[in-house]
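Dear colleague,

Please find the structure below, handed over for your records.

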Amino acid sequence: MAVFDPNEFEIAELGPKVKDVEDAEALEEVLEREKEGKNREAVKTLVQSRIDKLHDEDEDAIDYTELDPGEYTVAEMANLVRDVDDPEALKGMLEREEAGEDRSTAKDRIQSRLDQLQSSEGGEADEYVPPEEKHPDLDHPTADKQYVHGVEDGEYRDMWVYCETQQGELVDVSLEMLGKARQLMDDYNEEYDEDERVIAVLMGDDVEGHAEDCIAHGADLVVVHEDERMARFQHKAYSEVFCDLARGDGHPFGREDRPEREWHEYDEPRYVLFPATNNGRDLSAQVQAELDSGLASDCSGLYIENTVISNPAKTGGEGKREFERVLHMKRPDFSGFEYSTILCLDKPHRDFHPQGGSVIPGSFEIPDAMPEREGEVVHSDFEAPAEWFRVEVEDYDTLEEGIDLTGHEVVVALGRGIGDDPTKGIELGLELRDAFEDAELGLSRGVITSSYSFDGHVEQYIGEDRQIGESGQVVEPDVYVAAGISGAIQHKVGMDESDVIVAINTEPDADIRDFSDYYVHGDLFEVLPRLTEAVESGELRLDEIAAGDD
């Protein structure tokens, strides 16, 4: 790869570019260009980290032709063989494993990598043997589902959306998902000349009243399962009922007496969305496992398009193959620099459907309701057995509602920058909040998970309900004040749609600077009181504050 100028790119764009460079000398030149240009600390750290990794790899190069598998654990072997591209080296490793520890799992890992290489080289593929025949002695945890081999070459249609209710009310993220699903399937039908639907799923006690609301927000059909025993979320009952609804007549698993349904003339949904709430995360993982598919959790972006894949595990050794109608599910990764896009692709002898993901609340706009939209409502006839309800709630207490940060004109958010005096930092944030007519206090995850000690009078403000970001709330205020927040991608997804972002940080090149409208290089303990005074006096000038002027 040719040397590039990092100054031409935003920090979020540099992650994948730097990762693709295999030449340490080229990266040294990239690092020098950054130092001579914008000189951003985060970028220099990123590039230097890649340089160090390449040097470490050179020093730690392994001679796989002499490697003794017995010196490594099975997990270490699984990681090692991924980097081996020499079939002869793998055969030698396999022989040494058989002569030594003779661990079946280690041998499987080596043989699997050998099969991949031989398939990708156009060699003759071994005859496929189902896992239950290849390993008849295995006590497999999914033996009752034929070793996770479910439907093969099945028929899949529609996008299903689980619409969650809490205390009898439809939660906002359900409507957000319906709006996004409507847009996706409208584009899908036009692109592929199909007529597939958005199907909303309502489960619980007295939930049918939400069916028309689901239709008004994008659903073509609403499936309703009413059961007074499901007034509260229960893991077993909810997941089993959802799977029963999703499986078509003739499906190899589940109840044998499933009736024919005119609205469900296929094996399983093509796509399925769940809310990334506490209950939604629980339900999505169990349902996708039961339906023999995968799950992309905590997504904040979705789109459907064809994609070309060359991985022999997915293509069966056919070289490159185009997979059609793939749901691309974007989620922030843990590097702080980029997003990961998750794909759920079929492979030879196994279908991965539905393609499914859970959606972070606030990721999409709630569409305007269209009361004139027409749709169909159908009811489930399934009687859930009593053994699925193993927990009976005899008494309960309702906790106080958490703080809703959405809908405010201003959000004042505090991060780890308050660490020198956590209590004082919270006090200053509250004073600024109170200076505005409509504002609320938010926190970064760093504050929530820290071991800071707070005085009693501010402890009430240190709760997870105030967290902003990927695993917290998503806000879009007119003004977002980020004090002492570095701007990692997990926080960015929770606030980057704000109209005006004012950041205060002691680091001159913190990541948040790249997506802030105003950046104050300074100590929040000094800047926040000045900002509060300016708001209270009516003399607030964001441009002057950003420049450090009095």
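Helices (H or I, at least four residues) and strands (E, at least two) are taken as DSSP runs and numbered from the N terminus. On that basis the protein chain has 17 helices and 17 strands. This is a predicted model, in which local features need pLDDT of at least 70 and side-chain atom pairs count only at pLDDT 80 or more, while totals for chains, interfaces and linings use all residues. Residues are numbered from 1 along each chain as its sequence is written, and side-chain values use heavy atoms, with hydrogens and water left out.

Overall figures

Of the 550 residues of the protein chain, 48% count as buried; buried means under 20% relative accessible area, exposed over 50%, and partly exposed in between (1.4 Å probe, protein chains only). The chain exposes about 28100 Å², of which carbon and sulfur atoms supply 41%. Accessible areas come from the Shrake-Rupley method with a 1.4 Å probe, and for residues only the protein chains shown count as cover. Among contacts (heavy atoms within 4.5 Å) with a separation of 6 or more, 65% join residues 24 or more positions apart.

Glu34 belongs to helix H2 (residues 24–36) and is buried, because its relative accessibility is 0%. Beyond its neighbours within four places in sequence, Glu34 contacts Pro6, Asn7, Asn39, Arg40, Val43 and Lys44.

Glu470 lies in the loop between helix H14 (445–448) and strand E15 (479–483). Glu470 also counts as buried, since its relative accessible area is 9%. With neighbours within four places in sequence set aside, its contacts are Asp298, Arg331, Pro332, Ile360, Gln490 and Val493. Glu470 and Ser363 are 107 residues apart in sequence, with their C-alpha atoms 9.4 Å apart in space.

Surface patches

Patches are made of residues with over 30% relative accessible area and no salt bridge; like charges are joined within 9 Å, and nonpolar side chains (Val, Leu, Ile, Met, Phe, Trp, Tyr) within 5 Å. A salt bridge is a side-chain nitrogen of Lys or Arg within 4 Å of a carboxyl oxygen of Asp or Glu.

Val391, Val393 and Tyr396 make a nonpolar surface patch of about 310 Å². Val391 sits in the loop between strand E12 (376–379) and strand E13 (410–414), and Val391 counts as exposed because its relative accessibility is 55%.

A negative surface patch includes Glu365, Glu409, Glu437 and Asp517. Asp and Glu count as negative, Lys and Arg as positive, with His and the chain ends not counted; the place of a charge is NZ of Lys, CZ of Arg, CG of Asp or CD of Glu. Asp517 is in the loop between strand E16 (500–505) and strand E17 (518–521) and is partly exposed, at 46% relative accessible area.

With kind regards
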